[in-house]
Amino acid sequence: IITKHSKQYSASFKDLEQAVKWREEKMQELNRTAPQQGGRTCTLEEAVNKTIDIRWSGTKAERTSSLNAHNIMRYFGPQTKLTDIDTSAVEGFIEAQKKLGLSNGTLNRKLACLSVILKTAEDFGYMTGNPRLIRRKEYKGRDRFLTIEEVKTVLTLFKQYGQTDEADIFICLLDTGM
């Protein structure tokens, strides 16, 4: 499936070779017929401003998305043409962010922001096709251990309410690491 200017194009094939050939030909065709906004290429700053205005303005995510978008703009430069942001440029951005000590989850939020910016630009015909944004694997949760004070509080509450069986189960769970 190819999505371009909010339209989807798809076809079925018997083998991968035919599918790849069709995709390449379709992309070339779509690129030849791509509409141009004012006959020019959009800059990252223009795309960020348009995305903030039409996608994020007035939403709960507006502040965070705007901060992420401006962080992306600081890295690439506001006057960077969107067509210059390819997969290798995105990987460079990710490596630079990793050097700052950002977690995979934070990197993924920034990539999601960039994805929305590029998708908005594509929807308005400023570019065709988007670079591949490879998300990073995120840790599923946090390990948390009860403090001694928390354990004492829970045991005190069990005893206060006469729940000795529950207190014994709680101690067993603590002792076994469950």
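## Ground rules

Because the model is predicted, local features need pLDDT of at least 70 and side-chain atom pairs count only at pLDDT 80 or more, while totals for chains, interfaces and linings use all residues. Residues are numbered from 1 along each chain as its sequence is written, and side-chain values use heavy atoms, with hydrogens and water left out.

## Overall make-up

The protein has seven helices and two strands, where helices (H or I, at least four residues) and strands (E, at least two) are DSSP runs numbered from the N terminus. Their order from the N terminus is β-β-α-α-α-α-α-α-α.

Of the 178 residues, 30% are buried (under 20% relative accessible area; exposed is over 50%, partly exposed in between; 1.4 Å probe, protein chains only). With contact meaning heavy atoms within 4.5 Å, 63% of the contacts between residues at least 6 apart in sequence join residues at least 24 apart.

## Helix 3 against helix 4

Helix 3 (residues 62-76) packs on helix 4 (residues 87-99) at about 110 degrees, and their axes are 11 Å apart. Axes here are lines fitted to C-alpha atoms, for helices over the stretch in contact, with angles from 0 to 180 degrees between N-to-C directions. The pair is therefore roughly perpendicular, a label for angles of 65 to 115 degrees (under 35 is roughly parallel, over 145 roughly antiparallel, the rest oblique).

On the helix 3 side, Asn71, Ile72, Tyr75 and Phe76 take part; helix 4 answers with Ala89, Val90, Gly92, Phe93, Ala96 and Gln97.

## The nonpolar cores

A nonpolar core is a set of buried Ala, Val, Leu, Ile, Met, Phe, Trp, Tyr and Cys residues joined through side-chain atoms within 4.5 Å. The largest one has 26 residues, and those touching the most other members are Leu44, Val48, Ile72, Phe76, Leu82, Val90 and Ile117. Helix 2 (44-56), helix 3, helix 4 and helix 5 (104-123) each supply at least two residues, and helix 5 gives the most, with seven. A second, separate core of five residues includes Val151, Leu155, Ala167 and Phe170.

## Two residues to look at

Asn68, in helix 3, counts as buried at 12% relative accessibility. Leaving aside residues up to four places away in sequence, Asn68 touches Arg109, Lys110 and Cys113.

Lys140 sits in the loop between helix 5 and helix 6 (148-160) and is exposed, with a relative accessible area of 82%.
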